[in-house]
Amino acid sequence: MNVVITGASAGIGAATARRFAKAGYHVILLARRLHKLEELKQEIGSQASAFSLDVTSRKDVETVFSQISSIDVLVNNAGASFGLEKAQDANLDDWEKCIDINIKGLTYCTHAALQKMTPKNKGHIINLGSVAGSYPYPGGNIYCGTKAFVRQFSLCLLADLIGTHIRVTCIE
């Protein structure tokens, strides 16, 4: 079984890859920093493949996912938070980067994975949300908003996939 993990070069993504590989799954590591992925791939061994991927590039996502023959599980882990300024003082470039990674990247990867899962009527999409999507904090304006999107998007995916054997989980 193939488990595709975005943002796999460090932190939760790398830990998730190690855990799935230890359980016997083949992990497909995706992130921008290929050198970090190669290090993790070396650590895991033959149960890992790695591809450089910028989730904010729709074309890049389509190209990389077209090279993956089968996806049983997608872990949408890639995410970011920029700045802690109040909304009126925020940097719009930071807001845009956060939206591009946390929303667009997640939707691009989900759509690409569904193209592999739907024909075989089987799969599992795991989205990394955050309690910040439900419980705001000062300066969390855009990050909290993007994580609220992840929660709602996951719930809508569940509704769309009723009657299939494709599951959706949002971890917060």
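Student: Is the crossing in which H1 passes H2 right-handed or left-handed?

Tutor: This is a predicted model, in which local features need pLDDT of at least 70 and side-chain atom pairs count only at pLDDT 80 or more, while totals for chains, interfaces and linings use all residues. Residues are numbered from 1 along each chain as its sequence is written, and side-chain values use heavy atoms, with hydrogens and water left out. A crossing is right-handed if the near helix is turned clockwise from the far one by less than a right angle, and left-handed if anticlockwise. For H1 passing H2, the crossing is right-handed.

Student: At roughly how many degrees do the axes of H1 and H2 cross?

Tutor: Helices here are DSSP runs (H or I, at least four residues) numbered from the N terminus, and H2 covers residues 34-44. Axes are lines fitted to C-alpha atoms over the stretch in contact, with angles from 0 to 180 degrees between N-to-C directions. The axes of H1 and H2 come within 11 Å, and they cross at roughly 25 degrees.

Student: What does that make H1 in relation to H2?

Tutor: Angles under 35 degrees count as roughly parallel. The crossing of H1 and H2, at roughly 25 degrees, therefore makes these two helices roughly parallel.

Student: Which residues of H2 make the contact with H1?

Tutor: Contact means heavy atoms within 4.5 Å. From H1 come Ala 14, Ala 17, Arg 18 and Ala 21, and their partners in H2 are Leu 40, Glu 43 and Ile 44.

Student: How many residues of the contact of H1 with H2 are charged?

Tutor: Asp, Glu, Lys and Arg count as charged; Ala, Val, Leu, Ile, Met, Phe, Trp, Tyr, Cys and Pro as nonpolar; the others, Gly among them, as polar. In the contact of H1 with H2, five residues are nonpolar and no residue is polar, while the number of charged residues is two.

Student: Within how many Å do the axes of H4 and H5 come?

Tutor: H4 spans residues 92-120 and H5 spans residues 141-160, and their axes cross at roughly 15 degrees. H4 and H5 are therefore roughly parallel to each other, and H4 passes H5 in a right-handed crossing. The axes of this pair come within 8 Å.

Student: How many residues of the contact of H4 with H5 are nonpolar?

Tutor: Residues of H4 including Trp 95, Ile 99, Leu 106 and Leu 114 meet residues of H5 including Ile 142, Phe 149, Val 150 and Phe 153. In this contact of H4 with H5, five residues are polar and one is charged, whereas the nonpolar residues number twelve.

Terms used: Parallel < 35°, antiparallel > 145°, perpendicular 65-115°, else oblique.
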